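Trainee: I have a model open and would like to learn how to read it. Could you walk me through it, one feature at a time?

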Amino acid sequence: MTTVTIDTRTLPAHWRDFLALTKPRVMTLVVFTGLCGLLAAPGGIHPILGFTAILCIALGAGAAGALNQWYEAEIDAKMKRTAGRPLPAGRMDRQSALHFGVGLSFFSVILLGLATNWLAAMILAISILFYVIVYTMWLKPRTAQNIVIGGAAGAFPPVIGWAAVTGDVSALPVALFALIFFWTPPHFWALALFVKTDYAKAGIPMLPVIAGEIATRRQIWLYTAIMAAAAMAPVLLRLTGPIYGTTAFLGTALFAVFAFQVSVHRESDPERMKPERRLFKYSILYLFLLFGAVVVDRWVFA
Amino acid sequence: MTPEEQKEVRARQRSRSIVVGLLLGALVILFYGISIAKIAGH
């Protein structure tokens, strides 16, 4: 039997590759934090409009992911973790990804504006532009602090969810924004420590590549301290009650223990970076826990 | 283009058409729901 090889570049891209372009796995956290912002907001929203708001946040995040992959196709090809994505693997042409990303951006923003209000739509538009232009195009290839400022893009969803219900932005959504903003550096640098070699190959100035591992470990600890302050702020400012307060206190204490272990760990072999992997995995659970607690707390006490 | 390639292209076009059709159907339902919710709110 003869095998037929087909040049995938002449083929129309598979619909699954368009789905992959939206980074569905990253989206779970975005959707969850957006949903929590929406559920924690005072007053109510019609379930269909609430669903539409979350859908728009997810579509906006997907659009930003697609534009990110459109811009970084050559960099992605150099990293093992990303080489299998539709563009570097040659399963889709770049223009399709660009059109898909731009189209999805406009669609998500306009739909959110029509279904809820234009403040929420404007914040969604800002978050997409921030992720694509400020983070992907400007900061990521230039500075090792890229994800510190770029983390703001991922911090917008609870603010959008809140604004979709109330039409304004008050202290609690800002506090939730700050929590994700300061959570991003320790979360991401824990990952960067054990995939450092990959970033170095692609020429991305991730902190472990530029400043070294020890400096990165110190910075993880430093940002954990700031994150702890942000995590406790909602309860100290009396924006939430004891359910969130207790969850945040215990969750952050455990986060600090894991971050401390990473900060004093001296290991360069990614295979043996157990505390780093543990911190990375726990950081995701941590955010789910705290945001879940905000909602429960608001429902019980507000 | 060989017959095999043609077959593959057709298969992809078909699957994309089905997905686009389903998405459009879902959008019709969504816009209907949004309209009803908006009217109910006024």
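Trainee: How many salt bridges does the rule find across the interface of chain B and chain A?

Mentor: The rule asks for a side-chain nitrogen of Lys or Arg within 4 Å of a carboxyl oxygen of Asp or Glu. Across this interface it finds 0 salt bridges. Bear in mind that this is a predicted model, where local features need pLDDT of at least 70, side-chain atom pairs count only at pLDDT 80 or more, and totals for chains, interfaces and linings use all residues. Side-chain values use heavy atoms, with hydrogens and water left out, residues are numbered from 1 along each chain as its sequence is written, and chains are lettered from A and ligands numbered from 1 in the order in which they are written.

Trainee: And how many residue pairs are in polar contact between chain B and chain A?

Mentor: A polar contact is a pair of N or O atoms within 3.5 Å; within protein, one must be able to donate a hydrogen and the other to accept it, and residues adjacent in sequence count only if both atoms are side-chain atoms. Here the count is 4 residue pairs, both residues at pLDDT 80 or more.

Trainee: What area do chain B and chain A bury between them?

Mentor: Buried area is the accessible area (1.4 Å probe) that two parts lose on being put together, summed over both. For this pair it is about 1600 Å², with 76% of it on carbon and sulfur atoms. Arg12(B), Arg16(B) and Leu30(B) supply 34% of what chain B buries against chain A, more than any other three residues. Contact, meaning heavy atoms within 4.5 Å, takes in 16 residues from chain B and 20 residues from chain A.

Trainee: What does the secondary structure of chain A come to?

Mentor: Count DSSP runs, numbered from the N terminus: helices are H or I, at least four residues, and strands are E, at least two. Chain A has 14 helices and 0 strands.

Trainee: Which residues of helix 8 of chain A are buried?

Mentor: Buried means under 20% relative accessible area, exposed over 50%, partly exposed in between (1.4 Å probe, protein chains only). Helix 8 (residues 157-166) has 9 of its 10 residues buried, including Pro157(A), Trp162(A) and Val165(A). After the helix comes Gly167(A), with a positive phi near 80 degrees.

Trainee: Is Thr82(A) buried or exposed?

Mentor: Thr82(A) is buried, at a relative accessible area of 1%. Look in the loop between helix 4 (73-77) and helix 5 (94-115) of chain A. Leaving out residues up to four places away in sequence, Thr82(A) touches Asp76(A) and Pro88(A).
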